[in-house]
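Here's a quick briefing to read with the model open beside you. Have a look at the sequence and the fold first, then work through the notes below.

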Amino acid sequence: MPAFHPGPESLPEEIAVFPLTGALLLPQGRLPLNIFEPRYLAMVQDSLGRGRFFGMIQPDPSAPGVTPPGLYGTGCLGRVSSFSETEDGRLLITLTGLLRFQVRQELPLHPGGYRRVRADYRPWLADLETGGAEPLLDRAALMSALHPYFRARRIEANWEAIEKLPDPMLVTTLAMVCPFDPREKQALLEAPTPEDRARTLVTLLQMDALGGPDASPSGRPS
């Protein structure tokens with residue numbers, strides 16, 4: 001069991017969110033973040049005194065021209081598991097994923113300038129379960145798709161380390177670090193079960209391996 005394992009009753013109903021296109025946080029995944037904008041420095045500093053929680057979520061591209069941009073309906077709650085401050089005032093943090101949430105309502109901007117939502121965790125409480133059976137993964141199919149995908153994207157990989165990863169962490173790590181399209185990232189996030197996410201990951205690798213070294217998606221937080 002992870003060192004920090006919250007129960008449903010301890011989850012915050014109102015959370016700050018960090019909207020970032022192409023960034024994916026999954027339950028039990030670890031996402032490094034370089035925080036430098038004043039509003040997000042304020043958000044992280046506030047979170048450190050309030051359980052260290054905030055959510056990662058992607059802006060929804062289906063509503064262009066809206067200010068601030070709309071948000072997808074599903075994000076992932078994370079907890080700051082490590083942080084350090086640089087001499088120039090940035091915060092280098094690691095955010096560890098806990099469970100997904102549905103956006104019930106967006107709240108007014110915090111005085112610090114960051115966005116907040118009222119979160120509903122009920123559809124995703126199974127994300128808190130640990131120690132269960134590993135997801136059903138056709139590892140041979142995944143690896144046969146991963147090699148050409150990395151070649152097409154000119155990604156250097158430590159294959160020995162990849163081979164040693166347990167199936168759940170392999171799926172989570174690849175889903176988070178591979179430069180998929182933001183909509184594909186969202187599909188991985190919203191996959192109902194670990195088995196569904198593993199199958200979606202293999203499908204995306206097989207499809208994208210033919211696409212060549214496209215530029216990875218990027219975006220500024222909103």
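Helix H2 (residues 139-153) packs with helix H4 (residues 167-177) at an angle of about 30°, and their axes are 13 Å apart. That angle makes H2 roughly parallel to H4, since anything under 35 degrees counts that way. Keep in mind that this is a predicted model.

**H2 against H4**

- The crossing of these two helices, H2 and H4, is left-handed.
- On the H2 side, the contact is made by Arg139, Leu142, Leu146 and Phe150. H4 brings Asp167, Leu170 and Leu174 to the contact.
- Sorted by class, the contact of H2 with H4 comes out at five nonpolar and two charged residues, with no polar ones.

**H5 against H6**

- The second pair is helix H5 (residues 182-190) and helix H6 (residues 194-208), whose axes come within 8 Å and cross at roughly 160°. So H5 runs roughly antiparallel to H6, because the cut-off for that label is over 145 degrees.
- As for handedness, H5 passes H6 in a right-handed crossing.
- From H5, the contact uses Glu184, Leu188 and Leu189. From H6, Arg197, Thr200, Leu201, Leu204 and Asp208 take part.
- Split by class, the residues of the contact of H5 with H6 are four nonpolar, one polar and three charged.

**The chain as a whole**

- Count up the secondary structure and the protein chain has six helices and six strands. Read from the N terminus, the elements go β-β-α-β-β-β-β-α-α-α-α-α.
- The protein chain has 222 residues, and 47% of them count as buried.
- Take the contacts in the protein chain with a separation of 6 or more: 71% of them are accounted for by residues 24 or more positions apart.

**Gly22 in the S1-S2 loop**

- You'll find Gly22 in the loop between strand S1 (14-19) and strand S2 (30-35).
- Is Gly22 buried or exposed? Its relative accessibility is 18%, so Gly22 counts as buried, because the limit for that is under 20%.
- Setting aside neighbours within four places in sequence, Gly22 is in contact with Gln58, Pro182 and Lys185.
- Gln58 is 36 residues from Gly22 in sequence, yet their C-alpha atoms are 7.0 Å apart in space.

- As background, most residues other than glycine have a negative phi.
- Gln28 is in the loop between S1 and S2, and with a relative accessible area of 40% it is partly exposed.
- Arg52 isn't a glycine either, and its phi is positive at about 70°. Look for Arg52 in the loop between helix H1 (38-48) and strand S3 (53-57). At 27% relative accessible area, Arg52 is partly exposed.

- Mean pLDDT for the protein chain is 89, and 87% of its residues reach 70 or more.
- Which stretch has a pLDDT below 50? That would be residues 212-220, a stretch with 17 contacts in the model beyond near neighbours in sequence.
- Where pLDDT is low, the predicted coordinates should not be read in detail.

Key: Residues are numbered from 1 along each chain as its sequence is written. This is a predicted model: local features need pLDDT of at least 70, side-chain atom pairs count only at pLDDT 80 or more; totals for chains, interfaces and linings use all residues. Side-chain values use heavy atoms; hydrogens and water are left out. Axes are lines fitted to C-alpha atoms, for helices over the stretch in contact, and angles run from 0 to 180 degrees between N-to-C directions. Helices (H or I, at least four residues) and strands (E, at least two) are DSSP runs, numbered from the N terminus. Angles under 35 degrees count as roughly parallel, over 145 as roughly antiparallel, 65 to 115 as roughly perpendicular and the rest as oblique. A crossing is left-handed if the near helix is turned anticlockwise from the far one by less than a right angle, and right-handed if clockwise. Contact means heavy atoms within 4.5 Å. Ala, Val, Leu, Ile, Met, Phe, Trp, Tyr, Cys and Pro count as nonpolar, Asp, Glu, Lys and Arg as charged, and the others, Gly among them, as polar. pLDDT is the predictor's confidence in each residue, from 0 to 100. Buried means under 20% relative accessible area, exposed over 50%, partly exposed in between (1.4 Å probe, protein chains only).
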